[in-house]
Amino acid sequence: MIRVYLVEDQALVRDAVAALLGLDFNIEIIGQASNGQDALNAIEALDSDLHPDIILTDIEMPTMNGIELSEKIAAKFPAIKMVIMTTFSRAGYIRRALTTGAKGFILKEAPSEELINALKKVMQGQKVIDPELAINALDDADPLTDKERKALKLASDGLKTSDIAKQLFISEGTTRNYLSDAIAKLNATNRIDAARIAKQKGWL
């Protein structure tokens, strides 16, 4: 029996995935959450013998996204395997999520049989990445540095240059340089446009 915790902010999608997985006698949905923070809180409250084998999570969610959840789980509960659901247009997330130790990537549009088989393969110790996602991710490499990405993320949240500098513990001049470099690399017109492009690519 594979114990799965499902994390997805769209209730209809979450219910549909739970129903599909419930059709397999070897899979048990032990919990659900609408964002990474709620999932993390729930798992932290469980005794270790009640932890899920796999967390199946969306990426884009409020409060805490799937990549951030993957990072937290890897640090606190390394025995729990992470499988991420995404859309084809967000293939850029693969490179970032792999660094957190995620074991699988499946397209939301994939047939239920593929999702079920992916969970079983991950449970057996394999890594599972949808071939189309892998090819798209390799063809569209993220040009941003980690510091540029952090500055751009804070800018997209509406923070001013001075506030971004404080958050990152750097000078305002350095902050402007990071943002300018990010704008140039993405051929954007300004920081907001750069953030939009990066989000579309799955780099932010």
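Q: Where does Asn187 lie in this structure?
A: In this predicted model, Asn187 sits in the loop that runs between α9 and α10.

Q: And is that residue buried or exposed?
A: Asn187 has a relative accessible area of 69%, and therefore counts as exposed.

Q: What about its backbone, what is the phi of Asn187 near?
A: The phi of Asn187 is near 55 degrees, which is a positive value in a residue other than glycine.

Q: OK, what does phi look like at Phe169?
A: Phe169 is not a glycine either, yet its phi is positive, at about 60 degrees. Phe169 belongs to the loop between α8 and α9, and with a relative accessible area of 76% it is exposed.

Q: Let's move to helices: how do α7 and α10 pack?
A: Helix α7, covering residues 146-156, packs against helix α10, residues 191-201, at an angle of about 110 degrees, and their axes are 9 Å apart. The two helices are therefore roughly perpendicular to each other.

Q: Which residues meet there?
A: From α7 the residues are Leu152, Ala155 and Ser156, and they meet Arg191, Ile192, Ala194, Ala195, Ala198 and Lys199 of α10.

Q: Arg191 again, then: which side chain does it join in a polar contact?
A: The side chains of Arg191 and Thr161 are joined by a polar contact of 3.1 Å. Thr161 is placed in helix α8, residues 161-168, and is buried, with a relative accessible area of 12%. Not counting residues up to four places away in sequence, Thr161 touches Glu172, Thr175 and Arg176 as well as Arg191.

Q: Switching to α3, which of its residues are buried?
A: In helix α3, which spans residues 66-76, the buried residues are Gly66, Ile67, Leu69, Ser70 and Ile73. Seen down the axis of α3, they fall within an arc of 155 degrees, so they line one face of the helix.

Q: What covers them?
A: The elements that cover the buried residues of α3 include the strands β1, β3 and β4, together with the helices α2 and α4.

Q: What caps the N-terminal end of α3?
A: Asn65 does, with a side-chain oxygen that lies 3.0 Å from the backbone nitrogen of Ile67.

Q: How many residues are in the largest nonpolar core?
A: That core has 22 residues, and the ones with the most contacts inside it are Tyr5, Val7, Ile43, Ile55, Leu69 and Ile73. At least two residues of this core come from each of β1, α2, α3, β4 and α4. There is also a second, separate core of 20 residues, which includes Leu21, Met85, Leu119 and Val128.

Q: What is Leu69 in contact with?
A: Leaving aside neighbours within four places in sequence, Leu69 is in contact with Val7, Gly36, Ala39, Leu40, Ile55, Thr57, Met64 and Met82.

Q: And His51, is it buried or exposed?
A: His51 counts as buried, because its relative accessibility is 14%, and it lies in the loop between α2 and β3. Beyond its neighbours within four places in sequence, its contacts are Arg3, Ile30, Ile43, Leu46, Phe77 and Ile80.

Q: Last one: where does Val122 lie, and what is it in contact with?
A: Val122 lies in helix α5, residues 112-123, and at 0% relative accessibility it counts as buried. Leaving aside neighbours within four places in sequence, Val122 is in contact with Ile54, Lys81, Val83, Lys103, Gly104 and Val128. Val122 and Val83 are 39 residues apart in sequence, and their C-alpha atoms are 8.0 Å apart in space.

Note on methods: Residues numbered from 1 in each chain as written. Predicted model: local features only at pLDDT ≥ 70, side-chain atom pairs only at ≥ 80, totals over all residues. Heavy atoms only, no water. Buried < 20%, exposed > 50% of the residue type's maximum accessible area, 1.4 Å probe, protein only. Helix = DSSP H or I, 4+ residues; strand = E, 2+ residues; numbered from the N terminus. Arc of directions from axis to C-beta. Contact = heavy atoms within 4.5 Å. Polar contact = N/O pair within 3.5 Å; in protein donor to acceptor, adjacent residues only side chain to side chain. Core = buried A, V, L, I, M, F, W, Y, C linked by side-chain atoms within 4.5 Å. Axes fitted to C-alpha atoms, helices over the stretch in contact; angles between N-to-C directions. Parallel < 35°, antiparallel > 145°, perpendicular 65-115°, else oblique.
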